[in-house]
Amino acid sequence: MASSAAGNGTGSVLPTHTAAPSAPAWPSTSKPKEDDPRRRRRRCACVCLLVTLAVLAALAVTLVVLFLTVLKVRDPTTRLVSTRLAGVAPRLSFPAMSLQLNVTLLLTVSVHNPNPASFTYDAGGHTDLTYRGAHVGDAEIDPGRIPSRGDGEVKLALTVQADRLADDLAQLVADVESGSVAMEASTRIPGRVSILGGLIKRHAVAYSDCSFVFGVPDMKVRSQQCHDRTKL
């Protein structure tokens, strides 16, 4: 039996096979090295976006605080401190042959600015004077500047048309006999405000509506009441 096995060549010698390497069960999850710069660029973009958003949020908060504090305009206060008779100018008009009498008063108005912004005004300011509802005079205001959180003076030459005062002659005589004449003045001054040393400039218009009682014949101010406001 042993010899037959040897004769057949199938006894103890078995064919040998080299095992092929087995394929991995799952594909590799590691990314090639060439993807790393792309990931770094995305990371830098995210960081830049977050920094930009933080800067914008801080800027928005700063602007809100600035608006609520610096840019919030408070109304100035005005006070007529002196009046002086500068001259009387009669004028004869033709062909109606009417005599008009203009009286010029020099007024000095003190202005207090409570805001942290100066107010600069060019030519264009105007004052209208009324007596018992009738327009009797006006004045042009020269350019000037009111400092921030400070006081300034506005000087103007007010021309009173005396002939218009005579339209209500009976009432005017009664006021003069009583020693006082009440008038109203309305003023409009366009200009600009400068904030943070001129870094921010905005257009503004100052308004003032005042009621005065002048003494006769000294023309001194006996009482006054003003309502002032500013619009940006």
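Author: A residue counts as buried when its relative accessible area is under 20%, as exposed when it is over 50%, and as partly exposed in between. The model discussed here is a predicted one.

Reader: Is D175 buried or exposed?
Author: The cut-off for a buried residue is a relative accessible area under 20%. D175 has 9% relative accessibility, so D175 counts as buried.

Reader: Which residue forms a salt bridge with D175, and how far apart in sequence are the parts that the pair ties together?
Author: The partner of D175 is R132, and the closest N and O atoms of this salt bridge are 3.3 Å apart. R132 lies in the loop between β4 and β5 (134-141), while D175 lies in helix α4 (residues 169-178), so the parts tied together are 43 residues apart in sequence.

Reader: What is the order of the elements from the N terminus on?
Author: The protein has four helices and 10 strands. From the N terminus on, they run α-α-β-β-β-β-β-β-β-α-α-β-β-β.

Reader: How many of the residues in strand β3 are buried?
Author: In β3, A117, F119 and Y121 point one way, S118 and T120 point the other way, and all are buried. Strand β3 spans residues 117-121 and is mostly covered. The number of its residues that are buried is five of five.

Reader: Which strands pair with β3?
Author: Strand β8 (residues 180-195) runs antiparallel to β3 and is joined to it by four bridges; here T120 stands opposite R192. Another pairing, also antiparallel, has three bridges, and in it Y121 has G144 as its bridge partner. The strands that pair with β3 are therefore β8 (residues 180-195) and β6 (residues 144-146).

Reader: R192 stands opposite T120 in that pairing. With which residue does R192 form a salt bridge?
Author: Side chains of opposite charge can pair when their charged atoms come close. The closest N and O atoms of the pair with R192 are 3.2 Å apart. R192 is partly exposed at a relative accessible area of 33%. The partner, in the loop between β3 and β4, is D122.

Reader: Which strands does the salt bridge between R229 and D209 tie together?
Author: The closest N and O atoms of R229 and D209 are 3.1 Å apart. R229 counts as partly exposed at 27% relative accessibility, and D209 is partly exposed at 31%. The pair ties together parts that are 20 residues apart in sequence, and these lie in strands β10 and β9.

Reader: Which element gives the most residues to the lining of the largest cavity?
Author: The largest cavity holds about 550 Å³ of space. Its lining has 40 residues, and P76, T78, V111, I189 and A206 lie nearest its centre. Elements that give two or more residues to this lining include β1 (77-93), β2 (98-113) and β3. With seven residues, the element that gives the most is β9.

Reader: How much accessible area does the nonpolar patch with L59 have?
Author: L59 lies in helix α2 (residues 36-69) and is partly exposed, with a relative accessible area of 47%. L49, L50, L53 and L56 are the other residues of the patch on the surface. Together with L59 they have an accessible area of about 510 Å².

How values were computed:
Residues are numbered from 1 along each chain as its sequence is written. This is a predicted model: local features need pLDDT of at least 70, side-chain atom pairs count only at pLDDT 80 or more; totals for chains, interfaces and linings use all residues. Side-chain values use heavy atoms; hydrogens and water are left out. Buried means under 20% relative accessible area, exposed over 50%, partly exposed in between (1.4 Å probe, protein chains only). Two strands pair if DSSP finds at least two bridges between them. Patches are made of residues with over 30% relative accessible area and no salt bridge: like charges are joined within 9 Å, nonpolar side chains (Val, Leu, Ile, Met, Phe, Trp, Tyr) within 5 Å. Accessible areas come from the Shrake-Rupley method with a 1.4 Å probe; for residues, only the protein chains shown count as cover. A salt bridge is a side-chain nitrogen of Lys or Arg within 4 Å of a carboxyl oxygen of Asp or Glu. On a 1 Å grid over the protein atoms alone, a cavity is a set of points where a 1.4 Å probe fits but cannot get out, and a pocket is an open set with protein on both sides within 12 Å along at least five of seven lines; lining residues have an atom within 4 Å of a point. Grid points are joined across faces, edges and corners, and a volume is the space filled by probe spheres set on the points.
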